[in-house]
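Here's a quick tour for anyone meeting this protein for the first time. Take a look at the model, and then we'll start on the inside.

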Amino acid sequence: MSWTHRSRRRAAGALLAGTLVGGVLLAPSAQAAAGHGAAREHLTDLVNPFIGSENEGNTYPGAALPFGMVQLSPDTGHTTGYDYQQDHIRGLSLTHISGVGCGLGGDLPVLPTTGDVTETDDAKYASAYSHDDEEAHPGYYRVGLKTYGVQAEATATERTGKQRYTFPATDKANVLLNAGQSLHRTVSTKVEVLDSRTVRTAVTGRGFCQDTVPYTVYTITRFDRPFTSHGTWSDGKVTAGSSSSTAKEAGNGAYVRFDTREDRTVEATTALSYVDAAGAARNLAAEGRGTFDQARRAADATWEKRLGLVAAQGGDATLRRTFYSSLYRSFLAPNIGSDVDGRYTGWDQKKHRADGFTYYQNWSLWDTYRTQAQLLSLLAPRESRDMALSVLRVDKESGWLPKWGYGTVETNIMTGDPVTPFLTNAYQQGLLKGHEEEAYRALKKNADGVPPKDSPAVGREANEQYLKDGYAPYIKDRPHAKPGDSDFDHGGSATLEYALSDGVLSRMAKDLGHDADARRYAERAQNYRKVFDPSTGFFRARDAQGAFTGPADPAQSEGFHEGTAWQYQWMVPQDLPGVIGLIGGQDAARQRLDSFFAYDQLVADPAKTAREVWVNGPYDYYNADKYNPQNEPDLIAPYTYLSTGQPWKTTDVVHAALTLFTDAPTGMTGNDDLGTMSAWMVLSAIGVYPVQPGTDTWGLSTPVFDRVDLTLDRRYYPAGRFTVSAPGTSADQRYTQSVRLDGKAQARTYLTTDDLRAGHRLDFTVGGAPSTWGTEAADAPPPLTPSQPGQG
């Protein structure tokens with residue numbers, strides 16, 4: 001079974017008529033079964049790759065393997081690739097990043113056509129299609145191209161994309177390989193017809209939101225039978241070739257032609273490399289063998305094994321589809337960057353070899369350090385280790401740690417210091433054994449300095465001022481020589497992000513015996529106080545002279561990246577008790593949280609409050625005093641109630657937010673940002689969430705499933721399995737009454753990674769009303785860098 005238009009239509013009807021169970025909207029037909037174990041499903045059948053393809057979730061429905069280099073997916077003209085509302089497909093291209101906010105990837109769109117080739121602009125030769133003749137499944141995509149009467153199918157290996165085209169009977173069945181158009185800025189292209197079955201390209205591009213250093217993608221495409229003729233084009237001019245031509249021809253694209261009057265099917269395999277043409281050829285030789293159907297079956301088996309690491313019981317089909325679709329998206333990135341022989345292009349633009357690990361790339365760290373990195377550390381620790389080692393290679397080869405990296409270059413998109421909690425998380429989860437000091441040296445350099453002018457990186461751009469004055473100044477529209485975002489444009493939030501990173505680095509320094517550094521970073525972790533304005537009771541940016549700046553109304557504040565002071569007020573996980581003290585104590589903090597979440601309305605109608613009070617447009621980040629579940633600054637906020645002695649309110653808010661995730665194309669909350677939002681859904685549904693990013697602390701809320709069994713890697717989690725159970729959990733029975741860890745009463749509202757390593761099961765007892773569980777001050781997650789007397 002694959003996710004088809006009819007399946008989506010049935011799901012939409014269920015959403016309209018459903019009710020809430022466990023905080024998630026369920027279909028009426030499944031309500032009776034909610035809370036009970038379901039029959040064993042083929043888990044890939046539960047995944048809907050179209051979720052998030054509408055309303056700027058910016059996901060893609062095409063074929064990919066977990067963390068694969070290739071994502072063979074249709075492009076419809078949307079900035080980031082596929083938009084469910086658009087009705088023409090311009091091609092199936094090789095590279096996509098799930099949930100990004102600006103154009104990226106889309107290299108080498110390929111489209112089958114019929115007739116003469118007269119157009120070279122993909123917007124003009126694009127084919128109409130209908131969702132009634134489209135389906136997607138993990139590792140597989142199919143669509144009927146109405147304009148040409150062709151069925152196009154796609155599947156993938158790690159480094160290759162396989163296509164199968166079923167043409168009508170014609171002697172002019174074409175496959176267009178367009179090297180000159182992509183989702184980024186194309187700098188130069190080269191197309192070579194090597195023989196009667198093979199086309200090779202090189203595409204050099206740049207840009208993600210703004211210009212970057214150029215990078216090059218090399219491809220080689222091998223067809224399963226000879227084409228009868230071919231041609232190339234440059235600057236819109238088409239030049240015909242011949243069946244016997246093997247001359248190398250430069251250009252923006254090529255077409256190859258087949259006679260399908262007897263054999264209507266054409267298969268092609270395209271391999272990718274970020275190193276060179278020889279690397280693409282080796283990847284093709286290693287992974288390009290076998291038929292399309294063999295590759296499709298292998299892709300399905302790979303995804304089934306990956307999804308099977310999480311066995312959820314309870315809920316209904318809608319909840320299960322939403323959950324496993326979120327789990328699927330959580331495994332789409334980062335992506336393999338090294339070829340089968342271990343070679344990769346480093347950020348110094350030189351060729352290197354990964355020995356003993358797989359090199360990964362594509363780092364949306366401002367997003368993923370909050371949720372997805374922690375989920376992968378649980379469910380994919382071997383890959384997570386290699387990802388952390390890859391980040392350290394970036395530092396070794398380019399001289400600086402990354403901020404937001406795509407392929408072989410730094411984009412400098414987003415602000416703050418996200419690489420620190422990313423790497424300290426890897427350290428705290430035990431993924432950096434043998435590399436602890438190497439990682440610490442890189443993090444210390446990053447925390448205490450600023451990249452030189454000749455480095456593409458901006459790092460902690462405002463660090464000189466931050467180290468001197470304790471805050472990053474807000475200097476609006478300050479000119480800066482490097483592409484990307486500027487910390488000075490977001491001085492308020494950059495200060496909070498720097499301080500958070502200082503806090504988690506302090507703990508790593510202490511663990512490794514760097515006591516003086518640990519004290520210094522712990523003191524800097526208190527710098528959040530430097531941007532607290534007592535006159536407003538909120539964080540507020542300071543200008544270069546130290547004066548608070550921007551509107552005093554925290555909902556209208558300036559200097560906060562993709563948010564307001566209301567939304568950033570809880571972004572101090574290293575010292576929430578200190579923040580609560582600044583606000584005025586527990587009662588004042590509770591009142592502010594209740595206002596922030598519209599709690600009274602929420603309890604009366606969770607789903608309506610989530611959709612009508614919290615949510616605005618996908619890019620409406622500013623001018624708001626309410627929770628924004630569509631964006632990263634607020635992801636941790638629902639768990640703040642754990643630190644105010646009201647853990648049941650965390651469950652109320654989390655379960656309401658989960659109603660925003662559905663199994664329809666609109667079922668994402670804003671951009672997915674390389675699985676960040678999807679990982680939030682998965683972890684929150686399980687009931688174990690990383691409340692202090694960059695550490696080993698996991699906050700608890702009532703699960704939405706009766707039981708979830710996690711299969712864990714015994715090299716990192718000796719028990720090999722961890723079970724979370726909450727029998728009878730539902731919309732009416734959602735409040736935790738007690739928790740037991742391996743049979744022992746657990747009053748704390750959090751676990752540590754050591755608990756997960758040593759333990760076997762976590763059992764929730766639920767009921768219909770809040771209880772006293774977790775309400776004592778000692779039950780809350782402790783601060784990493786507690787405030788000292790007299791600070792402030």
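The largest cavity holds about 90 Å³ of space. A cavity here is a set of points on a 1 Å grid over the protein atoms alone where a 1.4 Å probe fits but cannot get out, and its volume is the space filled by probe spheres set on points joined across faces, edges and corners. Residues with an atom within 4 Å of a point count as lining. Among those lining the largest cavity are Pro573, Pro577, Tyr639, Gln692 and the run Pro781, Pro782 and Pro783.

That lining splits into 10 nonpolar, 2 polar and no charged residues. (Ala, Val, Leu, Ile, Met, Phe, Trp, Tyr, Cys and Pro count as nonpolar, Asp, Glu, Lys and Arg as charged, and the others, Gly among them, as polar.) Across the whole structure, a search turns up 8 cavities of 30 Å³ or more.

## About the model

This is a predicted model, where local features need pLDDT of at least 70 and side-chain atom pairs count only at pLDDT 80 or more, while totals for chains, interfaces and linings use all residues. Residues are numbered from 1 along each chain as its sequence is written, and side-chain values use heavy atoms, leaving out hydrogens and water.

## Open pockets

A pocket is an open set of points with protein on both sides within 12 Å along at least five of seven lines. The largest pocket comes in at about 430 Å³. Its lining has 19 residues, with Lys305, Arg306, Leu309, Leu379 and Glu383 nearest the centre. By class, that's 10 nonpolar, 3 polar and 6 charged.

Val450, Pro451, Lys453, Glu461 and Arg478 sit closest to its centre, out of 15 lining residues.

## The nonpolar core

Now for the largest nonpolar core, with 195 residues. A core joins buried Ala, Val, Leu, Ile, Met, Phe, Trp, Tyr and Cys residues through side-chain atoms within 4.5 Å, and buried means under 20% relative accessible area with a 1.4 Å probe, protein chains only. Phe223, Phe323, Leu379, Trp614 and Trp680 touch the most other members. Helix α21 (residues 676-686) gives the largest share, 8 residues.

Leaving aside residues up to four places away in sequence, Phe323 touches Val310, Ala312 and Phe705, among others; contact means heavy atoms within 4.5 Å.

Notes. Buried < 20%, exposed > 50% of the residue type's maximum accessible area, 1.4 Å probe, protein only. Helix = DSSP H or I, 4+ residues; strand = E, 2+ residues; numbered from the N terminus.
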